[in-house]
Amino acid sequence: MNQKERCLKFIKDKNIEVYNNIINDDYITNEINYQCSKRHINNETIYKLITNIIAYKNLYKINNNTECILCKVKKQHSITYIPNQMIKNNPLIHLSPGKAIDNSCFFVCHHFILEINKCIRNNNKFNIVFDFDMYSFSRMLFDTELAFKLSTILKDIYYSRLETIYLIDAPFYIKPLLQMMKNMFSDTIYKKMKHITRQEYIELLD
Ligand SMILES: [Zn+2]
């Protein structure tokens with residue numbers, strides 16, 4: 001038995017319902033392939049990841065759609081995967097919350113997951129570029145819960161695929177807050193954050 005077969009057997013023995021749920025799911029099968037290609041992989045960890053993916057798929061209505069259900073009608077969100085744009089050979093997903101029309105938690109998370117899935121269909125890893133342009137303080141305050149949800153999604157289902165989160169031109173007043181979170185949550189996505197200026201960002205692009 002190879003690693004993937006062992007992993008599938010582990011999932012089947014542990015929970016037949018989960019197994020039946022994933023066996024015809026292209027995204028999850030691809031994810032299992034990716035996880036099993038790594039060395040020192042633990043089946044329990046993969047199982048946990050897969051159940052998280054299923055939970056988020058249900059929560060944010062990620063069915064077989066590849067486009068956000070709001071943006072399909074009229075573009076409302078500013079989270080975009082741009083193929084061929086990379087830093088250190090890893091593709092980028094741009095977030096410009098200051099330019100979004102809609103900032104409801106449900107739809108932004110729905111859009112965010114679909115955009116990342118689009119990106120990792122062809123890539124193992126990705127970077128996030130978080131652009132503070134036009135992002136006002138009052139809107140940031142309003143978006144606190146949303147920011148928390150997006151961070152949790154990254155941690156729960158994309159942690160091993162996320163390389164770096166580049167924060168472009170973060171205003172001085174939020175830097176101490178981010179530093180504090182970095183120290184407090186040392187094992188989470190905060191440790192993958194990097195502050196850069198717009199000029200540095202342009203120079204980093206491959
Ligand atoms: Zn959208």
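What share of the 206 residues of the chain counts as buried? The figure is 23%. The structure is a predicted model, and that share is computed from its atoms. A residue counts as buried here if 20 or more other C-beta atoms lie within 10 Å of its own.

Start with the overall dimensions. Along the principal axes, the C-alpha atoms of the chain fill a box of roughly 55 × 40 × 35 Å. The radius of gyration is 18 Å. A compact globule with 206 residues would have a value near 17 Å, so the chain agrees with that expectation. Contacts tell us about the sequence distances bridged by the fold. Take those between residues at least 6 apart in sequence: 79% of them join residues at least 24 apart.

Next, the secondary structure. The chain has nine helices and five strands. Read along the sequence, their order is α-α-α-α-β-β-α-β-α-α-β-α-β-α.

Now the domains. The chain is divided into domain 1, residues 3-59, and domain 2, residues 72-204. Their centres, taken over C-alpha atoms, lie 26 Å apart. Six residues from domain 1 and six residues from domain 2 make the contact. On the side of domain 1 that touches domain 2, α3 (26-36) and α4 (43-59) each supply at least two residues. The largest share comes from α4, with four residues.

Two packed helices are described by the angle between their axes and the distance between the axes. For α1 (residues 3-14) and α4, the angle is about 65° and the axes are 10 Å apart. The crossing of α1 past α4 is right-handed. From α1, the contact takes R6, C7, F10, I11 and K14. From α4, it takes N43, I46, Y47 and I50. Sorted by type, the residues of this contact are six nonpolar, one polar and two charged.

Key: Residues numbered from 1 in each chain as written. Predicted model: local features only at pLDDT ≥ 70, side-chain atom pairs only at ≥ 80, totals over all residues. Domains from an automatic or database assignment. Contact = placed C-beta atoms within 7 Å. Rg over C-alpha atoms; globule rule 2.2 N^0.38 Å. Buried ≥ 20, exposed ≤ 12 C-beta atoms within 10 Å, placed from the backbone. Axes fitted to C-alpha atoms, helices over the stretch in contact; angles between N-to-C directions. Left-handed = near helix turned anticlockwise from the far one by under 90°. Nonpolar A, V, L, I, M, F, W, Y, C, P; charged D, E, K, R; others polar.
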